[in-house]
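I opened this structure to look up a few things and write them down. The entries follow the order of looking.

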Amino acid sequence: MPYTIRILLENLLRNDVPREQIDAVLDWGSERSFATAVDIHPSRIFLHDTNGVPLLTDIAAMRDAVEHPDAVNPKIPVELVVDHSVIAEEFGTPTAFERNVEIEYERNAERYRFLRWAQASLDRFAVVPPGKGIMHQVNLEHLARVVMTDGGWAFPDLCLGTDSHTTMVNGIGVLGWGIGGIDAEAAMLGEAVTMLLPPVVGFRLTGALPSGATATDLVLTITELLREHGVVGKFVEFHGEGVRRLSVPDRATIANMSPEFGSTCAYFPIDDETIRYLRFTGRSEEQVALVEAYAKEQGLWHRPEDTADYTETVELDLGTVQPSLAGPNRPQDRIALADAAVGNSGVVGIAAITSCTNTSNPSVMIMAGLLARNAVLRGLTSKPWVKTTLSPGSRVVTDYLDTAGLTPSLEKLGFHLTGYGCMTCIGASGPLVDELQNAVRSKGSAVVAVLSGNRNFAGRINPDIRMNYLASPPLVIAYALTGTMATDLTRDPLGHSPEGTPVFLSDIWPSQDEVTAVMEVITPDMFEEAYRDIFTGDARWENLGNPGNDRYDWDPQSTYLRRPPFFDEPIGPQDIKGARVLAMLGDSVTTDHISPAGAIPPGSPAGRYLAERGVKRFAFNTYASRRGNHEVMVRGAFGNVQLPGIYEAAMAYRDAGVPLVILGGAQYGTGSSRDWAAKATALLGVRAVLAESFERIHRSNLIGMGVLPLQYRPGENARSLDLTGREVISIRGVSTMDETITVHADERQFDVVVRLDTAREREVYRAGGILRLTMSRYGRSL
């Protein structure tokens, strides 16, 4: 039995689920088992601020709706890290970090006061204040227990989070994955998270990484391979001798990008390297001993010689990995570094060392620092039109770069600290250099971003940049030096020394021995110091106050926090009659397309809404920061699919009493776990989404908001059925929730698959969504 399935079995046994679920796990691997839904009870819930705030507004609204508000409280530990709000406004200066934090507090003080209210008012709820690090790196380096204890029990740390990259802790043997905020708040309040028992793909690693290849190159290779193989809705479990040759940070880099290759999780079992890492990052000796003893006793200790009976197998020789990029719009589109310049004349507008994916890995960060040092010694400088930013995932990174003496070289190339947060990786990249931004807007100049992140969807990184490339931190610096993608880094010089000598990448690329020697400066004391007061904020945070009231005092003038309307208009499983198509979309529509996270454009419906309420343009902030205001979010829906008038059309249909549907292609809803992609869809009046296939989290979120996910039968799609989007759509028999249902489109009709895959999903949809179902547990049916 795979390690991940053993953990699920333990969870089911301890939480006393129906016997048929246990039997299905014991029969794991059969067709019957994969058709069985199981009820998972997470050990803890993990949040960030932009997904956490709307979740907490729902909780606050629930407290308003019940007689005893303190009954609405988390039943399990919940931790929230504030890391998604800081924006790279200032860069390339010694004051960049402090100034960006000041701006962050100016814009987000109201939201942060709300988080302080939640911290003071809710049980088992803790907040990591701004400026401490990126949630997944903080989880990896400090918060993750691996094995938890409660009431005399020891059990696996099964962590579910409202960010799809929660999978990062799979690198230390924690089973965890991303869920929507809608499911997360239900789980907080004691509801199970239901899922079909998954197939498990065994990924066997052999060999060792060659000189010059990084963990970034490895994960881009794995992403390409597994997207082609197909792992949506499946667990991936890494095993084999090659696992022993990967450090925990290398494993975490791979686990982090599980959503990019489509799997639910990407798990590395516990072994000696895990134990070494836990001790190295300052976990107590008692905790480290517990993890080792528990894993060995429970059969969760990695034994490379014993291969589980995996559903499918994939294999990779680490020795075949080569330096790579991925882009320009999808993480799985890997390009060998030697081919990156072919036909690519884009100017580099952003070079960002960002994201927990790579800044959690000391080897690539030290490699970047050494490359910067070597470049400075050769007299090279970054090009003046490149926005250079450094936003590491924890303060430990700054500590070891400072101790190693590498920070001055990074700063000479413009890579000053801009903040400890997601920043460029989630689109909080701030404006481009003025001259370049003007050229883009006036002349349509081709500009690219190079970042050490995990996603590169068009429009995600910066609204003025359509092409984005994922790369390792040292390659990010290399492209800042060239200022263009037209340079072949494997053959062309990066620049010239003051004496006119050409300098090549190979001249300044550090050896593995150099990297290993510098890594000796990293000590457990650095982690202990960085995380000693992890839940204590700076003076700005503490001065926000601590209003610990049972009910939140809503401000009717607020443009950040509004009482959500999800309990106001119940919609059950009714037939859909006379619906129109709000949008007809193609393949790989992401949650970024459906619910943008970046800056709010002044001329957009959301921008006009804010301006009408006296909000100055500078204070518009991002969509991500305003997820506590449904009025902003519904106006921003589908803002990244370049379809103007969506909001206005939806409101006109609503006023006319006309229901709406959306037609999509394959892989509908890929990307981030953001629940607002489903919430905004529902608030626009969309009753059903018909697509060729759905990504896991978004489909669950749609159901959670009472929107029916329908899937074309195999071999069929909008094109084969001659749909134009102009049809009048009716869907009858919805209340029966049969496996298939008939869609009537004008004079035509065709059958589709109802993607309510489990009895639990049917129960949620019948109740009108997970929030209504959860509220019914408190004795109030809405």
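**Entry 1: salt bridges**

I count a salt bridge when a side-chain nitrogen of Lys or Arg is within 4 Å of a carboxyl oxygen of Asp or Glu. The model is predicted, so local features need pLDDT of at least 70 and side-chain atom pairs count only at pLDDT 80 or more, while totals for chains, interfaces and linings use all residues. Residues are numbered from 1 along each chain as its sequence is written, and side-chain values use heavy atoms, with hydrogens and water left out.

My search of the whole structure gave 45 salt bridges.

R99 is partly exposed because its relative accessibility is 29%. E106 has 51% and so counts as exposed.

Next I took R279 and E285, which form a salt bridge with the closest N and O atoms 2.9 Å apart. R279 counts as partly exposed at 37% relative accessibility. E285 is also partly exposed, with a relative accessible area of 44%.

Then I looked at D464 and R441, where a salt bridge has its closest N and O atoms 3.0 Å apart. This pair links distant parts of the chain: D464 is in the loop between β18 (447-451) and β19 (467-470), R441 is in helix α18, and 23 residues separate them. Helices (H or I, at least four residues) and strands (E, at least two) are DSSP runs, numbered from the N terminus. Is D464 buried or exposed? D464 counts as buried, because its relative accessibility is 15%. R441 has 54% and so counts as exposed.

The network I wrote down links R44, E79, R145 and D157 by salt bridges.

**Entry 2: the largest pocket**

I needed the grid terms here. On a 1 Å grid over the protein atoms alone, a pocket is an open set of points with protein on both sides within 12 Å along at least five of seven lines, whereas a cavity is a set of points where a 1.4 Å probe fits but cannot get out; lining residues have an atom within 4 Å of a point. Grid points are joined across faces, edges and corners, and a volume is the space filled by probe spheres set on the points.

The largest pocket has a volume of about 1100 Å³. Its lining has 48 residues, and P463, A599, I600, P601 and P602 lie nearest the centre. By class I found 21 nonpolar, 16 polar and 11 charged residues in the lining. Nonpolar covers Ala, Val, Leu, Ile, Met, Phe, Trp, Tyr, Cys and Pro, charged covers Asp, Glu, Lys and Arg, and polar covers the others, Gly among them.

Which helix supplies the largest share of the lining? α27 does, with 3 residues. At least two lining residues come from each of α18 (434-443), α25 (605-612) and α27 (646-655).

**Entry 3: strands**

Two strands pair if DSSP finds at least two bridges between them. I traced a barrel of 7 strands, closed in the order β22-β23-β24-β25-β28-β27-β26, with mixed pairing. From one strand to the next the twist averages 40°. Axes are lines fitted to C-alpha atoms, for helices over the stretch in contact, and angles run from 0 to 180 degrees between N-to-C directions.

Strand β22 (residues 576-584) is joined to strand β26 (residues 728-731) by 3 bridges, and the two run antiparallel. I found I731 in β26 as the bridge partner of I576.

I also looked at β5 (residues 147-150) and β6 (residues 153-156), which pair in the antiparallel sense over 4 bridges. In this pairing D150 stands opposite W153 in β6. The two strands form a hairpin with 2 residues between them, and G151 in the turn has a positive phi of about 60°.

**Entry 4: backbone angles**

The peptide bond from G327 to P328 is cis, with omega near 10°. I place P328 in the loop between β14 (324-326) and β15 (334-336).

R124 is not a glycine, yet has a positive phi of about 55°. R124 sits in the loop between α5 (96-121) and β4 (125-128), and counts as partly exposed at 44% relative accessibility.

D722 is another residue other than glycine with a positive phi, near 60°. I found D722 in the loop between β25 (708-712) and β26; D722 counts as exposed at 56% relative accessibility.

Definitions and conventions
Buried means under 20% relative accessible area, exposed over 50%, partly exposed in between (1.4 Å probe, protein chains only).
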